Amino acid sequence: MTTATRTTTDLKQAAQKARHELEEQVSKAVMKQHAEMAAALTKQQKELQSLQGEVGTLTAALRKQKSSGGGFPWGLVLLVGGGYALYRTNPTVKEQVDGLIKRVNPGPEGNLARAGDAVKSAASDVMQGQSPGASVRAAGGEMQRGGEKLVAEVKDDLQRKS
């Protein structure tokens, strides 16, 4: 065998070895990620089962209370308590609730949140090749109403202080 042939053979073997090692590393990484995902899914499934159990218990309590015709609404207290615990422990639920509260808020903050939504809608209209006029008018109206509410609040504060 010539030196060139040996070198070529050595290079091929080294490439195969490197390829095999890389495949092993990728395989290990994929298996590790798969195990982490399976653990996370198992945890979420247990949490969902727990919540389903709580909802079942609360539903049964509400039915019992309805059939008994009175008394303290413990079922409602438990339902509110469970909802509050979920709000405090689950960031996704907290974000959704906070977003809904901002949009329902009758104060200037609500107007600003709705104006922001209208601006996003206008940008979406432009991206889709549509006229953003209605969205821009909605944003302007919300900003105007928010400004009017702020002015009214300032006037009220000034009148109370004087």
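Select helices α4 and α5 and view their crossing, which is left-handed (the near helix is turned anticlockwise from the far one by less than a right angle). In this predicted model, local features need pLDDT of at least 70, side-chain atom pairs count only at pLDDT 80 or more, and totals for chains, interfaces and linings use all residues. Residues are numbered from 1 along each chain, and side-chain values use heavy atoms, without hydrogens and water.

Helix α4 covers residues 108-127 and helix α5 residues 133-161. Their axes come within 8 Å and cross at roughly 165°, so the two helices are roughly antiparallel (an angle over 145 degrees).

Next, display the residues in contact (heavy atoms within 4.5 Å). On α4 they include P108, L112 and A115; on α5 they include V136, A139 and M143. By class, this contact has 11 nonpolar, four polar and six charged residues.

Now move to the largest pocket by selecting Q44, E47, L48, S50, L51, E54, L86, T89, N90 and P91, which line it. The elements giving two or more residues to this lining are α1 (3-68) and α2 (74-89). Helix α1 gives the most, with six residues. The pocket holds about 220 Å³ of space. By class, its lining has four nonpolar, four polar and two charged residues.

A pocket is an open set of points on a 1 Å grid where a 1.4 Å probe fits, with protein on both sides within 12 Å along at least five of seven lines; lining residues have an atom within 4 Å of a point.

Note on methods:
Points joined across faces, edges and corners; volume = space filled by probe spheres on them. Helix = DSSP H or I, 4+ residues; strand = E, 2+ residues; numbered from the N terminus. Nonpolar A, V, L, I, M, F, W, Y, C, P; charged D, E, K, R; others polar. Axes fitted to C-alpha atoms, helices over the stretch in contact; angles between N-to-C directions. Parallel < 35°, antiparallel > 145°, perpendicular 65-115°, else oblique.
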